[in-house]
Amino acid sequence: MSNYLFSPSKDFASLLDSQDPLAHFRNEFYLHPDGIYLDGNSLGLTSKRAEKTLLECFEDWKTIGIDGWSQGTHPWFYISEKLGEQMAPLVGAHADEVIVTGSTTSNLHQILATFYKPEGKRTKIMANELDFPTDIYAIQSQLRMHGYDHEKHLIRIKSRDGLTIAEDDIIAAMSDEIAVIIMPAVFYRSGQLLDMKRLTEEAHKHGILIGFDGCHSVGSVPHYFSDWDVDFAFWCNYKYLNAGPGGVGSLYVNRKHFGTYPGLAGWFGSDKEKQFEMAHEFVPTHDAGAYQVGTPHILSLAPLIGSLEMFHEAGIDQIRKKSLQLTRYMMDLIKNELGDVGFTIGNPDEDHLRGGHVCLQHEEAVRICKALKDRGITPDFRAPNIVRLAPVALYNSYTEVYESVQTLKKIMAEKAYEIYENKRGVIA
Ligand SMILES: *Cc1c(COP(=O)(O)O)cnc(C)c1O
């Protein structure tokens with residue numbers, strides 16, 4: 001990827017933009033008029049197509065009411081399955097292995113309620129000490145429900161450097177005491193990308209089920225869940241997939257597990273032909289749809305219909321290619337322009353080890369983020385010392401990356417961050 005000849009000039013940014021096959025997608029988004037948005041890994045931007053499909057669903061509700069379930073522009077009764085089918089190529093899954101439902105956290109609960117079946121001495125769950133907290137809370141509460149000690153039965157792989165987790169350490173900890181492994185595909189702070197294929201192979205050698213949290217990877221990194229034989233996965237759609245705040249999440253279940261009775265059952269997991277027979281005998285459908293619970297949140301699904309169209313047109317491989325080049329360019333600029341003002345790059349450098357964002361460490365990270373925001377640039381801060389910058393393939397340009405680094409350079413040269421209070425906001 002880094003086979004381009006870096007130059008720190010502004011013309012070089014324009015050149016990269018002029019050669020960018022995805023550049024036209026930028027017009028599809030509502031960009032901030034005087035700003036540069038680099039927080040697409042927390043909340044992706046609104047697009048015109050997402051707005052259109054949201055309004056279509058709203059209009060159906062307005063004009064045909066209950067008939068929207070079967071006769072709307074996007075018949076609501078089938079939306080979760082339809083979106084699962086459209087999502088499948090982004091994660092390398094068969095169409096019936098993905099369902100758009102619930103949230104990241106509730107889908108992790110469903111996975112553990114369904115597939116965590118402690119037996120004999122195989123009773124533990126493996127995660128890591130850098131995990132996003134909600135994943136840990138969900139795992140611990142599932143352990144408690146089984147009557148286990150939530151500390152002793154949760155194996156948290158330690159980080160050697162505070163930023164990344166060594167795959168060798170994960171593999172070394174695999175044993176016949178572990179029932180399930182849950183790992184992120186991309187770590188939310190450092191952007192480290194795990195080798196999911198390798199970990200899945202190793203887990204299976206030990207008879208362990210393994211699943212991945214794709215919140216920071218789906219929509220920016222290709223996955224091949226079916227080929228890798230991953231057991232299950234879950235992710236949110238409001239980050240790189242731009243489905244809107246609180247947009248409905250996704251769940252992947254490998255075909256080989258179809259038929260496993262859902263741990264958390266509900267009528268929307270029914271065989272669709274039987275659902276409205278209203279019988280008390282639950283007949284789950286024989287695909288990932290079985291792990292739905294209640295009525296789908298239509299208005300929080302609707303924007304994803306339009307948004308996903310663009311991912312199909314662009315193709316996940318092109319998106320990954322541009323994403324890698326954007327982050328490479330950003331890192332090159334940072335090294336070139338900000339070499340001596342106390343920043344260190346915390347994400348792995350190699351293309352195959354990093355996700356879609358740059359992790360910039362600085363002891364003044366909180367105040368630097370505030371100074372950037374006041375200058376129209378939206379980064380995000382992660383305690384204690386991380387500025388995350390996510391240049392997103394579908395809507396960020398190389399020129400924006402250039403401008404952002406110039407602004408950062410100016411902030412540092414003028415020590416402009418010193419006027420801000422050194423305290424993070426409630427939502428950092
Ligand atoms: C964003 C994110 C979540 C959020 O979970 P919700 O249930 O959508 O609130 C969970 N895990 C990771 C790794 C995330 O990045």
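1. A pocket is taken here, on a 1 Å grid over the protein atoms alone, as an open set of points with protein on both sides within 12 Å along at least five of seven lines, and its lining residues have an atom within 4 Å of a point. The model is predicted, so local features need pLDDT of at least 70 and side-chain atom pairs count only at pLDDT 80 or more, whereas totals for chains, interfaces and linings use all residues. Residues are numbered from 1 along each chain as its sequence is written, and side-chain values use heavy atoms, with hydrogens and water left out.

2. Helices are DSSP runs of H or I with at least four residues, strands are runs of E with at least two, and both are numbered from the N terminus.

3. Ala, Val, Leu, Ile, Met, Phe, Trp, Tyr, Cys and Pro count as nonpolar, Asp, Glu, Lys and Arg as charged, and the others, Gly among them, as polar.

4. For Ser103 the distance is 3.5 Å, for Thr104 it is 3.4 Å, and for His216 it is 3.2 Å. Of the 390 Å² of accessible area that the ligand has on its own, the protein covers 85%; the areas come from the Shrake-Rupley method with a 1.4 Å probe.

5. The volume of the largest pocket is about 460 Å³, a volume being the space filled by probe spheres set on the grid points, which are joined across faces, edges and corners. Its lining has 30 residues, and Phe132, Pro133, Tyr188, His216 and Lys239 lie nearest the centre. H6 gives the most to this lining, with three residues, while H5 and strand E12 (380-382) each supply at least two. By class, the lining divides into 13 nonpolar, nine polar and eight charged residues.

Note on methods. A polar contact is a pair of N or O atoms within 3.5 Å; within protein, one must be able to donate a hydrogen and the other to accept it, and residues adjacent in sequence count only if both atoms are side-chain atoms. On a 1 Å grid over the protein atoms alone, a cavity is a set of points where a 1.4 Å probe fits but cannot get out, and a pocket is an open set with protein on both sides within 12 Å along at least five of seven lines; lining residues have an atom within 4 Å of a point.
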